[in-house]
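Take a walk through this model with the structure open beside the text.

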Amino acid sequence: MTLVTVLNTGLDDFLAWAETRQGGGALPARPADAVLTLLALRGADRRAGVPEPTPQLLHRVLHEDLPVLFEPTEEERAALPGVLTALADRVRAANRLNAKRHARLLDAVQEALPEFDRVMDAPFHLTWPRWYARLLHAAGVDTADPEAVRAWLDAYARGPRAARAPLPAGITRAHLAGRTLAARAVLTEAALEAAARDTEAPSPAGPLLPEPLTEAARPDEVERLAAELSDRWTAAGLSEALAGPYADLAPGPESLPHSDLADRMLDEHLDYYGYSGYPLPPPLTLPDPDEIRGLLHAAPLPAALAEGADDDLRELAERCGFPGPATTVWTEGTPQELTELAADILAVTVERVAAEAGPDDEYALDAAHLLYTLYERGGTADSVARKASDVAGWQVVPELEDAPVRVPDTAPDAYETPSPEDLSELLGLPGVTETDRERLDSHAHALAALIDRLAETGCVFRTGDAYGLTPLGNAVMRHVFTAGDVAAPDRETVAGWDAAETVVAVQFWPPAIAAETLTRWTADRGGTDEAWEELLNAVSATHTAAAPLLLSTLFGHLDLAGIPSGPLRTAVGDPVIGAYAHRLLEARKEAPPVEEVPLSARAVLLVSELHRFWMEDMRASLAAAAGEEEPEPGAATLAEAFDTVAAAWPGGAASLLPAMAAADPPGSLPVLRALRDVHPDGRVRDLAGHAAKAAERRLPAHSTPADRHH
């Protein structure tokens with residue numbers, strides 16, 4: 001007898017009662033067991049002879065617990081609503097619910113079921129036990145027979161790796177490893193809490209566990225209970241098999257070193273964008289799947305690990321699974337498995353570089369950040385010297401920060417900082433001298449040394465001053481981002497986006513990548529004026545107070561992409577983007593009279609221009625404060641700029657200020673507040689204060705004004 005079979009959930013009596021009640025029928029045991037046990041572990045009252053559900057407990061069990069712990073057959077899943085209804089009826093029959101509360105509970109069941117179906121179908125809730133139980137069901141294996149389960153696992157492990165069932169799209173083994181660990185932790189924690197309740201606050205229905213667990217025995221017994229429950233709800237004997245002879249089929253996070261790098265990439269992405277779903281630009285080159293093996297085998301470090309590591313590399317080899325599972329992957333692995341192995345080697349190299357860093361190593365701790373920034377560039381090459389200039393305190397011309405650099409066909413292996421003339425061109429700083437170059441030299445050499453370490457993995461290259469991700473590196477980093485739940489689409493996915501998805505994504509991408517994406521998007525739709533108009537309409541419709549766009553940046557991307565003038569002329573009359581379209585046509589000397597631009601669109605553009613003046617004043621004030629100088633009172637530059645545009649605005653400041661608040665509430669708010677606080681004209685200050693309150697009222701409830709560069 002196991003702990004599971006003697007848990008005091010009232011399962012047997014409940015199943016018997018359901019079968020004999022009027023109009024009832026036999027309920028499937030597994031879903032009934034899962035629901036009753038999880039309710040009991042979550043602390044449900046058991047005075048009715050069964051765990052008594054509440055709407056809150058139902059939501060927790062259906063939406064959080066079952067989706068990671070239970071893999072039903074189609075028949076069992078279809079029967080679950082009946083199990084829940086019968087459970088509510090059983091509690092009612094025990095006089096533990098009045099008619100009103102019973103009806104409310106039945107309503108809660110119906111309300112919870114659609115979300116249950118959604119989360120059960122969501123692949124991100126898969127665990128290793130659920131995955132293999134699903135495969136066993138599909139193969140017709142009796143999941144209650146541990147011998148049949150083990151026989152299937154043995155055949156699956158011995159069969160061709162290419163014949164193994166692929167995980168759902170967007171799901172990696174790291175996802176299942178992490179989710180499995182988290183699900184087991186949820187189950188063991190709930191069991192520990194139940195054991196504590198049995199001792200400290202026993203139920204009138206008796207203890208849930210057959211006997212109190214001693215402090216010493218509690219962890220082991222609870223772990224055994226969790227394994228038994230998992231097997232009961234997925235497949236018999238699965239926990240022991242996947243923890244023992246078939247562990248390679250279900251690796252944990254400790255066997256997948258790139259899981260840590262994936263977490264770091266998620267942190268980097270959240271630091272940049274605050275949202276894991278914001279998509280990174282797709283790399284320009286991804287290798288074909290059948291090229292992965294050759295690229296990995298040609299890389300120096302992976303080849304050395306596979307051939308048999310010396311003492312210096314032994315720890316790294318063991319972390320990556322050499323000799324062991326990685327050895328088989330090296331010779332027989334699928335492209336996906338080989339990409340994962342390359343990711344492990346890259347991740348362990350990043351860890352090793354950081355661990356070996358000395359106090360004077362400038363970049364050793366930045367290896368992961370370097371990989372993030374390279375992928376974020378769309379896989380285009382960067383300059384060692386340009387990157388190092390930031391540490392040296394140089395200010396690169398903003399237009400060149402993300403500009404791709406040319407990769408020479410050949411270059412000496414040893415790094416050499418570019419000449420002063422080349423540095424001037426790279427950085428956009430005229431007059432760079434040999435003395436300047438010497439100041440930059442040590443920083444550039446330190447960065448080049450890190451890049452060369454990473455290049456041993458086959459994921460990074462450096463040719464002269466140019467460096468970037470290799471095609472293998474693009475594939476590996478895309479896998480790592482996917483494992484970290486960071487949106488990393490490929491070019492085919494991006495090409496299939498609608499216009500709104502496209503403009504929202506490209507606003508933060510490097511100009512060259514954004515422009516190429518816009519050009520390709522319209523070309524795929526015939527390259528017609530109508531395709532460009534679809535993008536412009538999406539910009540106008542998507543720019544809202546809840547989700548403002550970087551309009552100046554987007555129109556710069558559209559200009560770089562070669563948007564024809566025809567669609568721009570059509571957009572001049574748009575109430576949101578008309579002034580931006582007019583400005584672009586003006587630069588081409590093709591602009592119609594400015595009177596054709598709606599005042600609301602002109603206000604949108606003015607907010608953007610005044611916002612830049614406000615930011616300049618803020619920077620000047622902060623610089624003065626840092627230098628312990630008395631900052632000049634107010635935002636004089638902003639005030640002067642406002643007075644200039646207000647003088648040309650119909651109705652002057654009294655009309656312009658509310659127009660700004662209506663046109664762009666989040667963008668105008670800091671400008672309006674600054675004018676309210678510091679404008680020398682008291683009338684303007686009062687008008688700005690009223691306009692600021694109007695802008696605040698237009699902000700979404702969840703929004704806070706952001707200091708944005710429009």
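Asp154 and Arg158 form a salt bridge, with the closest N and O atoms 3.0 Å apart. Salt bridge here means a side-chain nitrogen of Lys or Arg within 4 Å of a carboxyl oxygen of Asp or Glu. The two residues sit four apart in helix 7 (residues 146–158), so about one helical turn separates them. Helices (H or I, at least four residues) and strands (E, at least two) are DSSP runs, numbered from the N terminus. Asp154 is partly exposed, at 26% relative accessibility. Arg158 is exposed, at 68%. The cut-offs are under 20% relative accessible area for buried and over 50% for exposed, with partly exposed in between (1.4 Å probe, protein chains only).

A word on the source. This is a predicted model, in which local features need pLDDT of at least 70 and side-chain atom pairs count only at pLDDT 80 or more, while totals for chains, interfaces and linings use all residues. Residues are numbered from 1 along each chain as its sequence is written, and side-chain values use heavy atoms, leaving out hydrogens and water.

Back to the charges. Side chains of opposite charge can pair when their charged atoms come close. The count of salt bridges comes to 37. Some link into a network: Asp45, Arg47, Glu52 and Arg96 are joined in this way. Another bridge pairs Arg588 with Asp559, at 3.2 Å between the closest N and O atoms. Arg588 lies in the loop between helix 29 (578–587) and helix 30 (599–626), and Asp559 lies in helix 27 (residues 551–560), so the pair ties together parts 29 residues apart in sequence. Arg588 is partly exposed, with a relative accessible area of 24%. Asp559 is also partly exposed, at 35%.

Now turn to Arg462. Its side chain meets that of Asp452 in a salt bridge, 2.9 Å from N to O. Arg462 belongs to strand 2 (residues 460–463) and Asp452 to helix 21 (residues 434–455), so this bridge ties together parts that are 10 residues apart in sequence. Arg462 is buried, with a relative accessible area of 15%. Asp452 is partly exposed, at 31%.

What does strand 2 pair with? Four bridges join it to strand 3 (residues 466–469), and the two run antiparallel. Strands count as paired if DSSP finds at least two bridges between them. Arg462 stands opposite Tyr467 in strand 3. The two strands form a hairpin with two residues between them. In the turn, Gly464 has a positive phi of about 65 degrees. The open sheet has three strands in the order 1-3-2, with antiparallel pairing. Strand 1 (382–383) and strand 2 are its edges, each pairing on one side only.

Helix 21 lies across strand 2 and strand 3, at about 130 degrees to strand 2. Helix 21 also meets helix 16: their axes come within 10 Å and cross at roughly 145 degrees. Axes are lines fitted to C-alpha atoms, for helices over the stretch in contact, and angles run from 0 to 180 degrees between N-to-C directions. Helix 16 brings Leu346, Thr349, Val350, Arg352 and Val353 to the contact, and helix 21 brings Leu450, Arg453 and Leu454. Contact means heavy atoms within 4.5 Å.

Look at Tyr132. Leaving aside neighbours within four places in sequence, Tyr132 is in contact with Trp152, Leu153, Tyr156, Leu238, Leu242, Leu249 and Ala250.

The last stop is His611, in helix 30. His611 is buried, with a relative accessible area of 1%. From His611 to Ala646 is 35 residues in sequence and 15 Å in space, C-alpha to C-alpha.
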